[in-house]
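Here is a short briefing on one protein chain. Please look over the sequence and the model before reading on.

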Amino acid sequence: MLAIDIGGTKIAIAAVTADGTISHQTQVPTLRGTDGDATFAPLCEGLAKIISEAGLTGPLRVGIGSAGPIDSPGGWISPVNIGAWREYPIVAKVAEAVRDAAGSPPTVGLAQDGHCMALGEHWLGAGKDLHSMVGMVLSTGVGAGAVINDRLFGGLTGNAVLLGHISVNAWGDECVCGGHGCVEMYARGPAMVEAAKAKGWTGGDDAEALTAAARTGDEIAIAVIDDGMRALAAGIAATATLLDVTHFVLGGGVSKAGAVIFDPLRKHIAEFATMSYVADLEVRPAELENAGLLGAAALALTLEAQ
Ligand SMILES: [Zn+2]
């Protein structure tokens, strides 16, 4: 099967076997233009290259993971960070490209990148012993997806469990999404860096510098991370309480800082996850480097071949 992971700077394409082994992989740049089909051209070439190198023929299964918003049933994507694609019919375009290269029309599935991360970790990573879990990505944003009873919980349009944009402060400032007091406004890496700078921290410009400072005992860094993780903890507890799920897997660049992120997060979760059925809420570090790509493969695995 084929897996495609669409990000704001690059697109990964891989041939993956049924046991999760990546046999062939390539990467193409995400172009910055305004022409949708011109932005698709490198992906089209990458697909032909992988299909040829892996010697794939016949009806293939293809999983696509993409930054949101997306519409899974409609087969289109409008990634915030890829301006050329607005309601772009990615499923039809990929189906056409794969048909031309492999000789038969494929079956194509589409999921949001947070959903693919959850699928990947559930299949081969930190959640492989679990039937139900929420996967989360903490980096420049907060993405998430849920696997319930071994199946992706997509929602009506494929955008379920958008944890970063649930409100944890109904009286908070306006978010880029138009809501107020969203988790992402406090917990995403750049938000914590900005909060630290506002308090006089001058130790750097990114979350890596901030978490490094916290590790050496910098009081401002520790305080703003504690605030950010309190917001994320409230969002996690709300999600656990709504979905009746007790296992969370946290990945993404900021989470790689380890204990300086996980310790305050777990401390605050205990304050919010108070219902008896979520009292054992557990947050595990993600294990996979390419959970999004493997999750797209997991999605392909669930599709019926035509
Ligand atoms: Zn928001």
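The model is predicted. Glutamate 87 sits in the loop between β6 and α2, and that loop also holds tyrosine 88 of an aromatic pair.

**Overall shape and surface**

- The protein chain has 306 residues and a radius of gyration of 20 Å; a compact globule of that length would have one near 19 Å, so the value agrees.
- The C-alpha trace spans about 60 × 40 × 35 Å along its principal axes.
- Of the 306 residues, 51% are buried.
- Among contacts with a separation of 6 or more, 63% are between residues 24 or more positions apart.
- The accessible surface is about 13400 Å². Carbon and sulfur atoms account for 53% of that surface.
- There are 18 positive and 33 negative side chains in the protein chain. The centres of the two sets are 2 Å apart.

**Aromatic cluster**

- How many aromatic pairs does a search of the whole structure find? It finds two.
- Phenylalanine 40 belongs to helix α1 (residues 36-54), whereas tyrosine 88 is in the loop between β6 (76-77) and α2 (90-102). The pair therefore ties together parts that are 48 residues apart in sequence.
- Phenylalanine 40 and tyrosine 88 are both buried.
- Tryptophan 85 also pairs with tyrosine 88: the centres are 5.1 Å apart and the planes are at 10 degrees, so this pair is stacked. The cut-off for stacked is planes under 30 degrees apart.
- Tryptophan 85 is buried, as is tyrosine 88.
- Together, the ring pairs link Phe40, Trp85 and Tyr88 into a cluster.

**Backbone exceptions**

- Most residues other than glycine have a negative phi, and most peptide bonds are trans.
- Glutamate 87 is not a glycine, yet has a positive phi of about 50 degrees.
- Is glutamate 87 buried or exposed? Glutamate 87 is exposed, because its relative accessible area is 53% and the cut-off for exposed is over 50%.
- Aspartate 244 also has a positive phi, near 60 degrees, and is a residue other than glycine.
- Aspartate 244 is placed in the loop between α7 (219-243) and β11 (247-251).
- The peptide bond between glycine 68 and proline 69 is cis, with omega about 0 degrees.
- Proline 69 is in the loop between β4 (61-66) and β5 (70-71).

**Proline 29**

- Proline 29 lies in strand β3 (residues 22-29).
- With a relative accessible area of 48%, proline 29 is partly exposed.
- Which residues does proline 29 contact, leaving aside neighbours within four places in sequence? They are Thr9, Lys10 and Pro42.
- Histidine 131 is 102 residues from proline 29 along the chain, and their C-alpha atoms are separated by 35 Å.

Note on methods
Residues are numbered from 1 along each chain as its sequence is written. This is a predicted model: local features need pLDDT of at least 70, side-chain atom pairs count only at pLDDT 80 or more; totals for chains, interfaces and linings use all residues. Side-chain values use heavy atoms; hydrogens and water are left out. Rings of Phe, Tyr and Trp (its six-membered ring) pair if their centres lie within 6.5 Å; planes under 30 degrees apart count as stacked, over 60 as edge-to-face and the rest as tilted. Helices (H or I, at least four residues) and strands (E, at least two) are DSSP runs, numbered from the N terminus. Buried means under 20% relative accessible area, exposed over 50%, partly exposed in between (1.4 Å probe, protein chains only). The radius of gyration is taken over C-alpha atoms; the globule rule is 2.2 Å times the number of residues to the power 0.38. Contact means heavy atoms within 4.5 Å. Accessible areas come from the Shrake-Rupley method with a 1.4 Å probe; for residues, only the protein chains shown count as cover. Lys and Arg count as positive and Asp and Glu as negative; His and the chain ends are not counted. The place of a charge is taken as NZ of Lys, CZ of Arg, CG of Asp or CD of Glu.
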